[in-house]
Amino acid sequence: MKPIKFNNTTPISKKDVLNDLKKIGITEGVNIMVHSSLSKIGWVIGGAYTVVEALVELIGEKGTLVMPAATPYCLHPTQWGDDNIPKKWSTKIAKNLPLFNIKNTPTTMGAIPETFRNWNGSLRSNHPISSVSARGAMAKDIVEEHNLVLSESINTPYEKIYNNDFKILLLGVGFNRCTMLHFGESLSNNPRLTKSKYQIIEDNRKKWVEIADMANDNSTYFPQIGKEFLELKRVRVGKIGSAESMLFSTKELVDFSIQYFNQKI
């Protein structure tokens with residue numbers, strides 16, 4: 001395994017992270033959803049723990065912090081899109097795949113979201129593949145309802161994040177990682193849909209079900225939406241460590257994306 005090359009010339013402390021978060025515009029009491037890449041920040045002393053601690057400390061108890069806690073490997077293995085898994089394994093994997101467990105199933109969204117999922121006071125929405133973690137003043141309300149059908153649309157945490165105009169921080173990642181664009185597309189005239197196949201409990205038995213859901217963008221539209229949204233000069237841009245980062249309004253992005261999707265699809 002090749003060692004990771006970092007851009008920083010010095011390790012990054014919690015104080016450094018706090019200072020950078022403040023510079024980009026994050027303040028005490030803010031409601032915010034964070035998408036992140038730990039490696040893009042650089043060599044952080046304490047790793048993901050330090051980043052989460054800095055966010056929690058800065059936002060405080062009056063604000064709300066949300067991160068994705070998605071579990072795509074709870075999907076049927078034929079929907080994983082993982083070329084490293086032989087197709088002939090699918091039957092055995094599907095037969096033995098554990099059910100989603102709201103407390104114990106880890107997210108594969110990265111070290112920072114997984115650390116936050118386990119943080120004292122964090123709550124999680126109950127969805128087999130599209131859950132979020134939340135902590136703070138609005139956390140209970142955010143995670144309370146998560147509809148199985150169209151899991152990134154209305155009657156989900158994403159609707160509440162939009163209605164309360166959370167800030168979004170893209171920390172070292174691009175708009176291709178911004179889940180709220182799925183929410184925006186779901187409100188457009190012709191959203192791209194798919195069927196997600198996963199297990200639920202029905203009549204005290206495990207059952208595979210296929211549920212209507214938002215389709216993956218696979219960088220088809222999301223990066224271009226982000227590029228054009230940036231041109232509106234409504235995004236605060238800065239660095240957290242070495243991570244190019246962006247901070248902006250959920251409502252402004254979603255409303256812009258609805259117009260975009262209505263014109264393009």
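Q: What makes the crossing of H1 and H3 right-handed?
A: In this predicted model, the crossing of H1 and H3 is right-handed, because a crossing takes that name if the near helix is turned clockwise from the far one by less than a right angle, and is left-handed if the turn is anticlockwise. Local features need pLDDT of at least 70, and side-chain atom pairs count only at pLDDT 80 or more. Residues are numbered from 1 along each chain as its sequence is written, and side-chain values use heavy atoms, without hydrogens and water.

Q: Why are H1 and H3 called oblique to each other?
A: Helix H1 and helix H3 (residues 48-59) pack at an angle of about 50 degrees, with their axes 9 Å apart. Angles under 35 degrees count as roughly parallel, over 145 as roughly antiparallel, 65 to 115 as roughly perpendicular and the rest as oblique, and H1 and H3 are therefore oblique.

Q: Which residues of H1 meet H3?
A: Lys14, Val17, Leu18, Leu21 and Lys22 in H1 meet residues of H3 that include Leu55 and Leu58, where contact means heavy atoms within 4.5 Å.

Methods
Axes fitted to C-alpha atoms, helices over the stretch in contact; angles between N-to-C directions. Helix = DSSP H or I, 4+ residues; strand = E, 2+ residues; numbered from the N terminus.
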